[in-house]
Amino acid sequence: MNIEKKIELLRQMYTIRAFEEQAEQLYALGKIHGTMHLSIGMEGSAVGAIAALRPDDLILSTHRGHGHCIAKGADLQRMAAEFMGKATGYCRGRGGSMHIADPEGGNLGANGVVGGGIPIAVGVGLSIKMQKRDQVILCFFGDGAANLGPFHEGLNMAAIWKLPVIYVCENNQYAMSCSTRRAFAIPRISDRAAAYGMPGVTVDGNDVLAVYEAVSAAVKRARTGEGPSLVENFTYRWRGHSKSDANVYRTREEIESWKKKCPIQRFRALLIKEGALTEERAKQIEQQSYTAIESAVTFAEASPEPNLESIEEGVYA
Amino acid sequence: MREITYSEALREALRQEMQRDERVFIIGEDVGIYGGAFGVTRGLFKEFGEERVIDTPISELGIAGAITGAALTGMRPVGEIMFMDFMTLASEQLVNQAAKIRFMFGGNATLPFVMRTPAGSGTGAAAQHSQSLENWFVHIPGLKVVMPSTPYDAKGLLIASIRDDNPVIFIEHKLLYKIKGPVPEEPYTIPLSTSEVKRSGQDLTVVATSVMVKRSLEAAAQLAAEGIEVEVVDPRTLKPLDAEPIIRSVMKTGRVLIVHEACKTGGYGGELAALIAESEAFDYLEAPIVRLAGRDMPIPYNRTLEYHAVPQVENIVAKARELAQGRI
Ligand SMILES: Cc1ncc(C[n+]2csc(CCOP(=O)(O)OP(=O)(O)O)c2C)c(N)n1
Ligand SMILES: [Mg+2]
């Protein structure tokens with residue numbers, strides 16, 4: 001990977017962090033209706049995985065999807081506006097945090113239903129194949145999603161038809177309060193790949209380059225007609241599951257220990273060590289990311305609410 | 001009488017039934033140490049341990065199957081599906097299996113379980129966490145469907161549901177969890193299939209379910225100030241329905257407004273309207289039967305759009321006034 005691309009990945013990670021910190025603040029100020037799921041601490045997974053795609057490739061995201069959305073190249077203003085339920089948002093204020101979608105930009109949507117995207121990826125893969133398009137579909141899901149029936153149906157169908165799908169499991173070790181130790185009788189989720197006849201690997205999800213390498217190999221397989229793969233990014237969410245989580249199911253020490261494994265700090269230090277970046281340049285990138293998010297939020301706050309007369313628009317074509 | 005919240009009333013019902021009958025246990029996602037997504041089972045894990053308050057992986061169909069199988073073989077499980085929207089994932093076991101097993105076995109089985117789940121909008125959770133799907137289950141013979149609207153009803157109906165020998169779909173409402181009301185400390189049951197007149201009046205009958213009972217009572221209080229006396233009837237158990245109090249009320253008032261949150265088309269209101277039209281109350285009607293229900297659309301995220309997607313107090317007041325004044 002060339003230096004420019006590496007720097008771009010660092011910038012994306014900072015942008016995600018900035019977006020979510022800002023989101024948290026907006027919530028604290030009472031400006032956000034409903035809940036949201038933050039991926040702070042997991043930026044390496046979203047950014048590393050999507051870096052392995054071409055701009056015309058597609059993704060399916062999850063309830064914890066801000067990072068995926070930004071890494072896929074979302075317009076920050078439209079994204080922030082959707083987050084705030086505004087008419088200028090990607091979904092005209094209908095979707096909110098949990099449903100941001102940008103089909104034109106290749107983001108087929110966050111999803112409120114755990115595992116909801118996994119079978120959809122089968123259909124997208126099938127459609128790419130039937131239309132003989134040279135694309136792939138990357139489907140994100142959490143560790144919790146791997147215990148739903150749709151996971152098993154989806155992976156099997158993608159495998160038997162050799163569809164161009166990359167399944168990326170973001171294993172942050174918890175599904176709400178349920179740790180993977182209690183929810184799985186096997187050590188690695190990627191071990192399940194063997195049951196469907198596809199390759200499965202587990203990588204350090206806080207190492208953005210390791211994620212990039214593993215997903216790149218899966219993309220290559222998918223694009224050359226060899227079929228789907230399962231990549232498990234082992235990572236951790238720093239914040240509670242959602243805004244209503246009191247974090248009683250894990251210790252402060254555990255959370256603190258993972259904060260020391262920050263994917264952004266780690267990559268930044270690596271780039272500086274490699275000589276790709278100076279401290280000053282790194283600071284500047286960080287600063288620019290925060291500024292970009294601030295201006296996106298300013299745009300969102302100044303944007304109009306959806307028009308009440310339009311309330312039923314969009315139910316049918 | 002002591003006042004507690006709807007959510008505390010549910011928890012008390014669960015606790016008392018678990019103390020009384022060791023066959024009763026709780027199973028669902030994050031029902032243990034987390035205490036349930038809405039806190040209903042908080043503290044029960046500590047009190048009863050992980051063998052009777054069982055956390056599951058995210059496997060809704062698995063939960064439905066687990067309560068079906070356990071109920072079939074001597075236990076009395078109470079399952080929890082975190083949001084009613086995910087009852088769609090659980091529905092194979094509930095609809096094809098649990099609802100029919102007793103009948104298919106020629107009556108040689110009972111399935112005493114309760115599946116609790118919260119429905120409804122108003123929390124900014126958008127289209128996939130806000131649905132009111134009660135009528136999906138009302139349509140299935142073999143299932144009972146209960147929808148409490150007050151803390152008192154929540155406790156009495158949950159205890160009755162746990163003691164019932166049939167699969168009961170017990171639908172709570174997110175906006176009701178924090179509502180307080182008088183609830184006796186001792187265990188008590190409210191028999192399933194008993195509709196209740198929540199307020200009496202002679203000008204108009206409002207039949208409402210779940211959170212709409214609360215909104216209808218607020219509307220009735222406002223209308224009373226204008227001299228319009230509204231009778232509010234709460235079916236409480238949607239299936240099997242106790243139709244008598246509804247029919248009697250309509251015969252008294254001659255006018256009926258049906259209010260529910262679920263989408264109008266295919267909603268429970270259609271069933272109620274048909275039932276009233278088929279009954280002896282038909283001859284007493286002085287105006288068409290009117291339904292006020294959720295718009296036929298998914299719940300939007302935006303706060304204002306969400307608010308206007310389902311009936312609110314002011315909508316009920318306006319419709320009831322029109323109906324009472326003979327303008328419909
Ligand atoms: C089918 C379904 N069941 C339950 C929920 C409620 N819920 C939302 S997120 C979540 C945990 C998801 O865990 P995981 O897949 O590991 O993703 P993470 O939140 O850790 O990113 C649960 C239980 C849901 N949205 N969908
Ligand atoms: Mg997880």
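**A tour of ring pairs and a helix crossing**

Counting over all chains, this predicted model has 14 aromatic pairs. Let's visit a couple of them.

Start by selecting Tyr236(A) and Trp258(A). Their ring centres sit 5.2 Å apart and their planes are at 10°, which is under 30 degrees, so this pair is stacked. Now colour chain A by position: the two residues are 22 apart and the pair links distant parts of the chain. Tyr236(A) is in the loop between strand S7 (229-234) and helix H10 (252-259), while Trp258(A) is in helix H10 itself. Are these two buried or exposed? Both Tyr236(A) and Trp258(A) are buried.

Hop over to chain B next and pick Phe83(B) and Phe86(B). Here the ring centres are 5.8 Å apart with planes at 70°, and that is over 60, so you're looking at an edge-to-face pair. Phe83(B) has 13% relative accessibility, so it counts as buried. Phe86(B) is buried as well, at 7%.

Last stop: show helix H4 (76-83) and helix H12 (279-302), both in chain A. How do they pack? Their axes are 8 Å apart, at an angle of about 55°, which makes H4(A) oblique to H12(A). The crossing is right-handed.

To see who touches whom, show side chains. On the H4(A) side, pick Leu76(A), Gln77(A), Ala80(A) and Ala81(A). They meet H12(A) residues including Ile293(A), Val297(A) and Phe299(A). Sorted by class, this contact has 9 nonpolar, 2 polar and no charged residues.

Methods. Residues numbered from 1 in each chain as written. Chains lettered and ligands numbered in written order. Predicted model: local features only at pLDDT ≥ 70, side-chain atom pairs only at ≥ 80, totals over all residues. Heavy atoms only, no water. Axes fitted to C-alpha atoms, helices over the stretch in contact; angles between N-to-C directions. Helix = DSSP H or I, 4+ residues; strand = E, 2+ residues; numbered from the N terminus. Parallel < 35°, antiparallel > 145°, perpendicular 65-115°, else oblique. Left-handed = near helix turned anticlockwise from the far one by under 90°. Contact = heavy atoms within 4.5 Å. Nonpolar A, V, L, I, M, F, W, Y, C, P; charged D, E, K, R; others polar. Phe/Tyr/Trp six-rings, centres within 6.5 Å; stacked < 30°, edge-to-face > 60°. Buried < 20%, exposed > 50% of the residue type's maximum accessible area, 1.4 Å probe, protein only.
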